[in-house]
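Here is a short report on one protein chain. Please read it beside the sequence and the 3D view.

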Amino acid sequence: MRLFVFCLGAIFPALLVAQSLPEPNQMYVVTNCFLNEGYSLNDAVNEGRESEFDGPLNIVFRQPIATPNAGEDQFVRIVAWEDLQAWVDAEAARTDINVSVSYRCKDAQRRFFTSRQLGENTLELEGDATLTTITACTLKDGVTYSDAYLWLEERTAAREANGDTRASSMVLGVLGGTENSAGLGRLMGVRTVGSSSSDLATALDSIWAVDGSAPDYAMTPAESCRNPVLYKSFFISSN
């Protein structure tokens, strides 16, 4: 199954970096959603799986497990596209597509990200849900996205050679954002997904046994990284 993101270099010249940064594999759109009163996340997942919406590569609902400031009724909707043109062609900017009964979303606050695969592992999902970690980091002054990608690619390859089976990606925010975020060209994220919840747990246990808690990419080339956040990801659809 393909995972999440596109290049807006023509709009944002600051994103144009050295050629060693590959083109994105996908673009994905992130929206905060909230359960309506009397409904559970299972209701939202089941409703989403019964809906038909042509165009996206896949749709995922992420349930916050270890995240700051998430409400009990909150989840994150991830809609992955081949690129922004595919998103436009599907008229996905509309807010009246698949209006749901069990939940509502803040469509006016959507955020867009590009995603580049790290390493050779691809996601071979063993069920319809798994665990996902995301770590946001601020790059040091003078370090480009290309520098960060090459460093991450080398570290990911080393982990995979030692048996790490997670699928990893470097993600970059390109539209929208959050308050107090780093300036354009310095903020990046690393996403890891297990083929199952157990698969990701085994990988994290292995990392923690070696270095305590810090992901190895939190050292260089980042100036600082936030604690990794943890989600349970429910796959709603896939094309």
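## Basis of the model

This is a predicted model, in which local features need pLDDT of at least 70, side-chain atom pairs count only at pLDDT 80 or more, and totals for chains, interfaces and linings use all residues. Residues are numbered from 1 along each chain as its sequence is written, and side-chain values use heavy atoms, with hydrogens and water left out.

## Overall fold

The chain has 4 helices and 10 strands. These are DSSP runs, numbered from the N terminus: helices are H or I with at least four residues, strands are E with at least two. Along the sequence the pattern reads β-α-β-β-α-β-β-β-α-β-β-α-β-β.

The chain holds 239 residues, and 47% of them are buried. Buried means under 20% relative accessible area, exposed means over 50%, and partly exposed lies in between (1.4 Å probe, protein chains only).

## Nonpolar cores

A nonpolar core is a set of buried Ala, Val, Leu, Ile, Met, Phe, Trp, Tyr and Cys residues joined through side-chain atoms within 4.5 Å. The largest one has 22 residues. Leu41, Ala44, Phe61, Phe75, Trp81, Trp87 and Tyr103 touch the most other members. Elements giving two or more residues to this core are β1 (26-35), α1 (41-50), β2 (58-66), β3 (74-81), β4 (103-105) and β10 (229-238). The most come from β1, which gives 4 residues. A second, separate core has 16 residues, including Ile78, Ile134, Val193 and Phe235.

What does Trp87 contact, leaving aside neighbours within four places in sequence? The partners are Met27, Val29, Trp81, Ala92, Ala93, Arg110 and Phe112. Contact here means heavy atoms within 4.5 Å.

## Disulfides

A disulfide is a covalent bond between the sulfur atoms of two cysteines. The rule used here is a pair of cysteine sulfur atoms within 2.5 Å. By this rule the count is 2. With bonded cysteines counted along the chain, the pattern is 1-2, 3-4.

Cys33 pairs with Cys105, with the sulfur atoms 2.0 Å apart. The S-S torsion is about 100°, so this disulfide is right-handed. Cys33 lies in β1 and Cys105 in β4, so the bond ties together parts 72 residues apart in sequence. Cys33 is buried, at 0% relative accessibility. Cys137 is joined to Cys225, S to S 2.0 Å. Here the torsion is about 110°, so the disulfide is right-handed. This pair links distant parts of the chain, with Cys137 in β6 (residues 129-139) and Cys225 in β9 (residues 222-225), 88 residues apart. Is each end buried or partly exposed? Cys137 is buried at 0% relative accessible area, whereas Cys225 is partly exposed at 26%.

## Strand β5 and its partner

Strand β5 (residues 111-118) has 7 of its 8 residues buried, so the rest of the structure largely encloses it. β5 pairs with β7 (residues 167-175) in the antiparallel sense, over 7 bridges. Two strands pair if DSSP finds at least two bridges between them. Leu118 has Ser168 in β7 as its bridge partner.

## A buried aspartate

Asp199 sits in helix α4 (residues 197-211). Asp199 is buried yet has no salt bridge, a term for a side-chain nitrogen of Lys or Arg within 4 Å of a carboxyl oxygen of Asp or Glu. Which side chain of opposite charge is nearest to Asp199? That is Arg166, 6.9 Å away. Lys and Arg count as positive, Asp and Glu as negative; His and the chain ends are not counted. Not counting residues up to four places away in sequence, Asp199 touches Thr165, Arg166 and Gly194.
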